[in-house]
Amino acid sequence: MSAVDPSASTWKLSSSTDDYDKRWAEMAASGENTHGEADLIAHFAPASVLDGGCGTGRVAIELARRGIDVVGVDVDAQMLAAAQVKAPNVQWVQSDLATVDLGRTFDVVALPGNVMIFVSPGHEGAVAANLARHLSPGGRLIAGFQLRPGSLDLSTYDQLCHEAGLSLEQRWATWSCQPFDGGDYAVSIHLLHPTMRSPLEWDPRTRYNDRSWRPRV
Ligand SMILES: C[S@@+](CC[C@H](N)C(=O)[O-])C[C@H]1O[C@@H](n2cnc3c(N)ncnc32)[C@H](O)[C@@H]1O
């Protein structure tokens with residue numbers, strides 16, 4: 001039995017991990033850019049990325065291929081096993097994003113592939129706070145997810161990020177930076193203040209309150 005509580009996620013693979021990967025491979029074969037997430041993440045030139053809810057490693061493996069120091073974290077043992085086979089040299093960690101403690105920080109924490117809407121309802125704030133702890137000063141939390149009725153909405157997500165010490169820097173409709181006009185998908189970039197001291201020691205009860213600082217837009 002897994003040591004990690006699978007109820008941390010509502011993600012249930014309806015088919016096999018092979019089918020999941022096959023679907024992406026078919027999209028790539030048809031000429032679609034399946035690395036839009038990696039392209040946007042790489043645009044910020046991070047030396048290190050935590051891929052949260054990495055699944056079978058689709059994005060993490062591409063980032064590692066580009067020379068970025070990547071750690072993939074997922075609660076799902078089956079998805080991680082597939083990632084491990086494809087990229088044994090990448091560090092894969094089976095854990096809940098709400099509680100994982102990697103003992104280090106990253107320039108970017110990325111949540112591509114709708115991860116935030118598959119976090120068990122009520123645990124999104126713990127995930128945002130814990131991921132903020134893993135950001136280096138000036139680091140970014142980059143998340144893309146669908147906006148569905150009854151699911152996590154953007155004002156709630158922004159509030160949870162704010163409570164975690166993060167400020168909204170930018171929001172787009174797609175990973176290729178189409179303007180967000182209130183549609184049903186958003187890519188949000190939240191920034192940890194550049195002078196925030198060591199986030200792993202940061203006490204989340206202490207809120208950042210420097211009104212002189214504004215996020216870059
Ligand atoms: C739709 S899949 C996306 C996988 C990958 N990011 C991609 O884009 O291909 C969502 C992933 O989020 C993971 N997940 C959801 N809640 C989680 C949590 N609390 N902790 C860790 N992983 C979680 C699921 O296990 C699943 O692998």
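By class, the shell around the ligand holds 13 nonpolar, five polar and four charged residues. Nonpolar here means Ala, Val, Leu, Ile, Met, Phe, Trp, Tyr, Cys and Pro, charged means Asp, Glu, Lys and Arg, and the others, Gly among them, are polar. This is a predicted model, where local features need pLDDT of at least 70, side-chain atom pairs count only at pLDDT 80 or more, and totals for chains, interfaces and linings use all residues. Residues are numbered from 1 along each chain as its sequence is written.

Of the 22 residues around the ligand, the nearest are S9, G53, G55, D76 and G113; a residue is near if its C-beta atom, placed from the backbone, lies within 6 Å. Two elements give two or more residues to that shell, α3 (58–65) and α5 (115–118). Helices are DSSP runs of H or I with at least four residues, strands are E runs of at least two, and both are numbered from the N terminus.

Now to α3. Seven of its eight residues are buried, that is, with 20 or more other C-beta atoms, placed from the backbone, within 10 Å of their own. They are R58, V59, A60, I61, E62, L63 and A64. The cover includes α1 (17–29), α2, β1 (48–52), β2 (69–74), α4 (77–86) and β4 (106–111).

What is the handedness of the crossing of α2 and α3? The crossing is right-handed, meaning that the near helix is turned clockwise from the far one by less than a right angle. E37, A38, I41 and A42 of α2 meet V59, E62 and L63 of α3, contact being C-beta atoms, placed from the backbone, within 7 Å. Those contact residues divide into five nonpolar, no polar and two charged.

Notes
Contact = placed C-beta atoms within 7 Å. Buried ≥ 20, exposed ≤ 12 C-beta atoms within 10 Å, placed from the backbone.
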